[in-house]
Amino acid sequence: LPETAEELFALAESKNADIVNFGTNEFVLLPDGSRKQLWNWITPPAGELRGKGAVLKDLMIDRGHYWALCFKLIRMDLCRRSLSETGDFYCIMAEDFCFYLPVAFYAESMIKVEKNYYNYNIASGITASSGCDFEKFKKTATVLDALTKIQEFLRKNGLLEQAPYRDSYLAMEREQCLILWDKWLTRLPSGGRSDAAQ
């Protein structure tokens, strides 16, 4: 929305917040070009997180917010630190999770705003439900590269040794792999599946 940057920046400054997490209006695009609004499951309940580890715990253990970057205002130094952690690699699925995990790990404060500032079309881009060819499937399969980076970060910081974080990560990994499996099974033509198996 047009007022997003001004309002959220003012809030982040006044609360000295590392991250501001806000809601979204979700839409599905209809064949005639119009949009139908859906239930806004991503809108967070209003609140604050403070202290080292609080944002990461809320993300992974409490599942109190989602890793999607388009629903957040993030302090620039945290973005730079995350980029230095993840390095340069190509992926088009779970890239938000890969980038956001170090942000959540190093962040010490988050403000959750119960207002929808973002319009998200769930049936376009990577979330579209149309079929795909083998080349498109290979791009989606880059989720495995993102998951490898995520595992490396968790391992390096001793989080895979902690049962709550390990179990949470494994559940998130399973969710991402099921999305990939669904695309393999339902959107990739049978000929494309045999190409991919080689």
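Asn16 is exposed, with a relative accessible area of 52%; here exposed stands for over 50% relative accessible area, buried for under 20% and partly exposed for anything in between, computed with a 1.4 Å probe on protein chains only. Please keep in mind that this is a predicted model, in which local features need pLDDT of at least 70 and side-chain atom pairs count only at pLDDT 80 or more, while totals for chains, interfaces and linings use all residues. Residues are numbered from 1 along each chain as its sequence is written, and side-chain values use heavy atoms, with hydrogens and water left out.

Let us stay with Asn16 for a moment. Asn16 sits in the loop between α1 (4-15) and β1. Helices (H or I, at least four residues) and strands (E, at least two) are DSSP runs, numbered from the N terminus. Most residues other than glycine have a negative phi. Asn16 has a positive phi, near 50°, and is not a glycine. Ala94 also has a positive phi without being a glycine, at about 70°. Ala94 belongs to the loop between α3 and α4, and at 8% relative accessible area Ala94 is buried.

Now step back to the whole chain. The protein chain holds eight helices and five strands, and along the sequence they follow the pattern α-β-β-β-α-β-α-α-β-α-α-α-α. It has 198 residues, of which 41% count as buried. A contact here means heavy atoms within 4.5 Å. Among contacts in the protein chain with a separation of 6 or more, 77% are between residues 24 or more positions apart.

Asn21 gives a local view of this. Asn21 is part of strand β1 (residues 19-29) and is buried, with a relative accessible area of 3%. Apart from neighbours within four places in sequence, Asn21 is in contact with Pro44, His65, Phe71, Lys72, Met110, Ile111, Lys112 and Val113.

What does the interior look like? The largest nonpolar core has 39 residues, and Met60, Tyr100 and Leu101 have the most contacts inside it. A nonpolar core is a set of buried Ala, Val, Leu, Ile, Met, Phe, Trp, Tyr and Cys residues joined through side-chain atoms within 4.5 Å. To this core α2 (54-60), α4, α6 and α7 (163-187) each supply at least two residues, and α4 gives the most, with nine residues. There is also a second, separate core of eight residues, which includes Val20, Phe22, Ile111 and Tyr117.

The next stop is how α4 packs against other helices. Two packed helices are described by the angle between their axes and the distance between the axes. The axes are lines fitted to C-alpha atoms, for helices over the stretch in contact, and angles run from 0 to 180 degrees between N-to-C directions. Helix α4 (residues 95-106) and helix α6 (residues 143-156) pack at about 20°, with their axes 9 Å apart. The two helices are therefore roughly parallel to each other; angles under 35 degrees count as roughly parallel, over 145 as roughly antiparallel, 65 to 115 as roughly perpendicular and the rest as oblique. In this contact, Phe97, Cys98, Leu101, Pro102, Phe105 and Tyr106 of α4 meet Ala146, Lys149, Ile150, Phe153 and Leu154 of α6. By class, that gives 10 nonpolar, no polar and one charged residues, where Ala, Val, Leu, Ile, Met, Phe, Trp, Tyr, Cys and Pro count as nonpolar, Asp, Glu, Lys and Arg as charged, and the others, Gly among them, as polar.

How does α3 meet α4? The axes of helix α3 (residues 76-86) and α4 come within 8 Å and cross at roughly 125°, which makes α3 oblique to α4. Leu78, Cys79, Arg81, Ser82, Leu83, Glu85 and Thr86 of α3 make the contact with Cys98, Phe99, Pro102, Val103 and Tyr106 of α4. By class, this contact has eight nonpolar, two polar and two charged residues. Thr86, in helix α3, is buried, with a relative accessible area of 9%. Leaving out residues up to four places away in sequence, Thr86 touches Cys98, Phe99, Pro102 and Lys149.

Leu144 counts as partly exposed, at 41% relative accessibility. Leu144 and Gln176 lie 32 residues apart in sequence and 8.8 Å apart in space, C-alpha to C-alpha. Setting aside residues up to four places away in sequence, Leu144 touches Cys177 and Leu180.
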